[in-house]
Amino acid sequence: MRDIRLRTGTAMLLSITAFFSVLGATAALLWWLIFTPNISLIRKNRLILPSLILIGFFSIVLTVTGGEGLSYFFRMLVVILIAAWLLAGQARGEFLDLGCWMLGPRWGFELGLLAEMALQSMETLLADFDRIRAAERMKGIRSGLRSIIPAGRILLHGALKRAEDTTELLAVRGYVHGGTWVPEFKKEPMDIPAAFFALCAAFISLLPVSALFILY
C-alpha cells in the first residue's frame with residue numbers, strides 16, 4: 001500500500017483482529033499471505049526472528065503456568081508479521097503526512113516528527129549493531145550474553161547522545177512547537193481492495209464458529 005492512511009489503518013485493524021481470537025489471527029494471516037511480499041519480507045527484516053524468540057519464551061512460560069501459550073504465540077506471530085509489513089513499506093515523511101492530516105499543523109506535526117525521528121533512530125541503532133558485530137568477529141569475540149551487555153551499553157549511550165544533539169539542534173534553530181507541512185498521499189491500484197478484504201477479515205473474526213460452518 002502506498003497510501004500511509006490506508007496502510008496504517010489496515011495494520012491497526014488487522015492487529016486488533018489477530019489479537020482478538022485465533023480465528024481472527026487466521027484471517028489476518030491469510031490476508032498477509034495474499035497482499036504482502038510475505039517470505040521476502042521476513043528475510044529483509046532482522047527484527048522478526050528476535051521478536052519471535054522473545055514471544056516464544058513468554059508463550060512457554062504461559063503454557064507452563066496453565067495458560068494458552070500456543071494461542072498466544074500464534075496471535076502475536078501474526079501481529080509481528082503485520083507490524084513488519086507496515087514498517088517495510090514506510091518512506092521518509094509519511095508519518096509526518098499522516099500526523100498533519102489527522103491532527104493538524106501543531107499536534108499532528110509534532111507527533112509525526114517524533115515518529116520520523118524514532119524510525120531514524122531505529123535505523124541508526126541497527127547500523128551501529130551491525131558495526132559492533134563486525135568488530136567482534138574481527139576480534140574473535142563470540143556472540144553471547146557477555147558480548148550483548150557491553151553492546152547494549154554502547155547502543156544506549158549512542159542513542160542518548162544523538163537525542164541530546166538533536167534536541168540542541170532544534171533549540172538552536174528556534175523550534176518551539178508545530179510547523180507547516182503539506183501532506184501528499186499516493187495510492188496504488190490494490191490499496192482499496194486490500195483495505196476492503198482487511199475489513200472482511202475483521203468481520204470474519206466476529207462471527208462465531210458455528211456461523212462459519214453454516215455459511216460453508
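Guide: Welcome! One term first: contact means heavy atoms within 4.5 Å. The model we are looking at is predicted.

Visitor: Thanks! How many helices and strands does the chain have?

Guide: Reading from the N terminus, the elements run α-α-α-α-α-α-α-α-α. The C-alpha trace of the chain spans about 65 × 50 × 30 Å along its principal axes. In secondary structure, the chain comes to 9 helices and 0 strands.

Visitor: Which residues of H5 does H2 meet?

Guide: Helix H5 covers residues 69-88, and its axis packs 9 Å from that of H2 at an angle of about 35°. H2 passes H5 in a left-handed crossing. From H2, the residues taking part are Val-22, Ala-25, Thr-26, Ala-28, Leu-29, Trp-31 and Trp-32. On the H5 side they meet Ser-71, Phe-74, Arg-75, Val-78, Leu-81, Ile-82 and Trp-85.

Visitor: How many nonpolar, polar and charged residues make up the contact of H2 with H5?

Guide: The residues that meet include Trp-31 and Trp-32 in H2 and Arg-75 in H5. By class, the contact of H2 with H5 divides into 11 nonpolar, 2 polar and 1 charged.

Visitor: Are H2 and H8 roughly parallel or roughly antiparallel?

Guide: Helix H2 (residues 22-35) and helix H8 (residues 191-206) have axes 8 Å apart, at an angle of about 160°. Angles over 145 degrees count as roughly antiparallel. The two helices, H2 and H8, are therefore roughly antiparallel.

Visitor: How many charged residues are in the contact of H2 with H8?

Guide: Among the residues that meet are Ala-27, Ala-28 and Phe-35 in H2, and Phe-197, Ala-198 and Ile-204 in H8. The contact of H2 with H8 has 11 nonpolar and 2 polar residues, while the number of charged residues is given as no charged residues.

Visitor: How does H1 lie relative to H6?

Guide: The axes of helix H1 (residues 4-20) and helix H6 (residues 94-139) come within 9 Å and cross at roughly 85°. Angles of 65 to 115 degrees count as roughly perpendicular. That makes H1, relative to H6, roughly perpendicular.

Visitor: Where in H6 is there a kink?

Guide: H6 has 46 residues, yet its end C-alpha atoms are only 40 Å apart, short of the 68 Å that a straight helix would reach. A kink of about 135° lies in H6 shortly before the proline Pro-105, at Gly-104.

Visitor: And which residue with a positive phi follows H6?

Guide: Phi at this residue is near 75°. The residue that follows H6 is Gly-140.

How values were computed:
Residues numbered from 1 in each chain as written. Predicted model: local features only at pLDDT ≥ 70, side-chain atom pairs only at ≥ 80, totals over all residues. Heavy atoms only, no water. Axes fitted to C-alpha atoms, helices over the stretch in contact; angles between N-to-C directions. Helix = DSSP H or I, 4+ residues; strand = E, 2+ residues; numbered from the N terminus. Parallel < 35°, antiparallel > 145°, perpendicular 65-115°, else oblique. Nonpolar A, V, L, I, M, F, W, Y, C, P; charged D, E, K, R; others polar. Expected span 1.5 Å × (residues − 1). Bend = angle between axes of the 7 residues up to and from the residue. Left-handed = near helix turned anticlockwise from the far one by under 90°.
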